[in-house]
Amino acid sequence: MDRDRRSRVPRTDAVLGDARLAAAARELGRDLVRGVVTRTLERVRDGELPPERAADAALAALPPTAASLHAVLNATGVLVHTNLGRAPLSAAARAAVDAAAGCTDVELDLATGRRGPRGTGALAALAEAVPAAGGVHVVNNNAAALVLAATALARGREIVVSRGEMVEIGDGFRLPDLLASTGARLREVGTTNRTHRADYAAAVGPDTGFVLKVHPSNFATVGFVADTPVRELATLDVPVVYDIGSGLLRPHPALPREPDAAGALADGAALVTASADKLLGGPQAGLLLGDADLVARLRRHPLARALRVDKLTLAALEATLRGPEPPVPAALGLAGPALVARAEALAARLCAAGVPAEAVPSQARVGGGGAPEVELPGAAVAVARALAAPLRNGRPAVVGRVHAGRLLLDLRTVPAGDDERLAGAVRAAAARTPRTATAPDTDDGQG
Ligand SMILES: *Cc1c(COP(=O)(O)O)cnc(C)c1O
């Protein structure tokens, strides 16, 4: 590198002295800002940036928060996207999290000044939402709910489960392995495609902790298949634990095959487990609902302490249950024609701004939340596939899905109030992409 250029590279401390960067250091942390400045000065050293632009460039490169997670606009059309953090919280839940983030009365009765039970507000909201539940409890996620049930009710004993319900949930997470890790023995009954009440009845005995029913939330079986409904399992003389997966508390008209907590309890399940961050649309948590005595046993088990949720989760869950409809169930209920109108308006705006775009029909999906057989007809804005990477790397990041050589931005999963931000993000991405690559139907070479 030439000597002259090196001598013109400003010193890190000099750049950090910039009033704007000093303010950012107070907000984001000095080490974080120093790291950004150091990387910016590398660019000056490499001749990519004139020295007098260093402070401005460092300022532009600062992250919005001191954490590395980015805000993402989910334009995938997958309502519950596990890689994008599952359910986005409602505005009410975000506000509740913010209020609870400081010191809060999570275990204090402000009226008397005495210690109070933890999480009463969230538990009361859950109990009110599902009146058929004699008891309710909340743990870190559905996997934790199953571990607690298996440990407290079946450790050293047997869990009777159908061979058709020994499922893998995702990313190598297998329910049977999780249950076996608690010291319970799995007693498999029936076959992959058919399991009858008689199969369960023959296996149930003095060693049975409970019969487990698992909803196959991420696959569907067709053809010569039969499973035994909870209604029939409930006539066996042991508790039935039902993992309903998605966290629907009541039946949903758009998801006729998705079980719900109220229905499962009415059918005779002793205990229902579910995730709170799928179709319920809340924070990551595991819900346990059912027989008052069973739930009390789980709450009192020593393991419960290791699985308990924090104040932020309690705040978000209560606001999810009590507040206005959260984004996931709201997205599920959106009508197709309204989405088409939004897609046409957005495509027209992009075209007017010189970015080729077209409104196209699109099928959204529930995703990790369940109902694999359900397609949700709506609309997307199709843009050049070459925009996928710049959109992902923009702020806000936008994630769509590639279909038939184009990038589809499905509007069912984008809150209506965010159409403006989405348009801005697409224009910014197009501005950073060679013009020839944004023409319709061109490929970015990743083919
Ligand atoms: C999603 C799911 C789980 C895992 O739930 P987490 O909350 O991610 O732990 C377990 N069982 C079923 C049926 C599911 O759908």
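## The protein as a whole

Welcome to the structure. Because the model is predicted, local features need pLDDT of at least 70 and side-chain atom pairs count only at pLDDT 80 or more, while totals for chains, interfaces and linings use all residues. Residues are numbered from 1 along each chain as its sequence is written, and side-chain values use heavy atoms, with hydrogens and water left out.

The protein has 19 helices and 18 strands; these are DSSP runs numbered from the N terminus, with helices (H or I) of at least four residues and strands (E) of at least two. Its C-alpha trace spans about 85 × 55 × 45 Å along the principal axes. Of the 447 residues, 45% are buried. Here buried means under 20% relative accessible area, exposed means over 50%, and partly exposed is in between, using a 1.4 Å probe and protein chains only.

## Around the ligand

The shell around the ligand consists of Arg 86, Asn 141, Asn 142, Ala 143, Ile 169, Phe 173, His 215, Ser 217, Asp 243, Gly 245, Ser 275 and Lys 278. A residue is near a molecule if one of its heavy atoms lies within 4 Å of it. By type, the shell has three nonpolar, six polar and three charged residues. Ala, Val, Leu, Ile, Met, Phe, Trp, Tyr, Cys and Pro count as nonpolar, Asp, Glu, Lys and Arg as charged, and the others, Gly among them, as polar. Helix α8 (142-154) and strand β11 (240-245) each supply at least two residues of this shell.

An N or O atom in the side chain of Asp 243 is 2.6 Å from a nitrogen atom of the ligand. Ser 275 has a polar side-chain atom 2.7 Å from a ligand oxygen atom, and a polar side-chain atom of Lys 278 also lies 2.7 Å from an oxygen atom of the ligand. Taken alone, the ligand exposes 380 Å², and the protein buries 95% of that. Such areas come from the Shrake-Rupley method with a 1.4 Å probe.

## A closer look at Lys 278

Lys 278 sits in the loop between β12 (271-275) and β13 (286-290). Lys 278 counts as buried because its relative accessibility is 5%. An unreviewed UniProt entry annotates Lys 278 as "modified residue: N6-(pyridoxal phosphate)lysine"; such annotations may be inferred rather than shown by experiment.

Strand β18 (residues 406-410) is mostly covered, with five of its five residues buried. Arg 406, Leu 408 and Asp 410 point one way, and Leu 407 and Leu 409 the other way. In a regular strand the side chains alternate between the two faces of the sheet.

Two strands pair if DSSP finds at least two bridges between them. Strand β15 (residues 376-384) runs antiparallel to β18 and is joined to it by five bridges; Ala 384 has Arg 406 as its bridge partner. Strand β17 (residues 401-403) is also antiparallel to β18, with three bridges, and Val 402 stands opposite Leu 407. β17 and β18 form a hairpin with two residues between them, and Ala 404 in the turn has a positive phi of about 50°.

## A buried glutamate

Glu 165 lies in the loop between β6 (158-162) and β7 (168-170). Glu 165 is buried, because its relative accessible area is 7%. A polar atom of the Glu 165 side chain lies 2.8 Å from the backbone nitrogen of Val 214.

Definitions and conventions: Polar contact = N/O pair within 3.5 Å; in protein donor to acceptor, adjacent residues only side chain to side chain.
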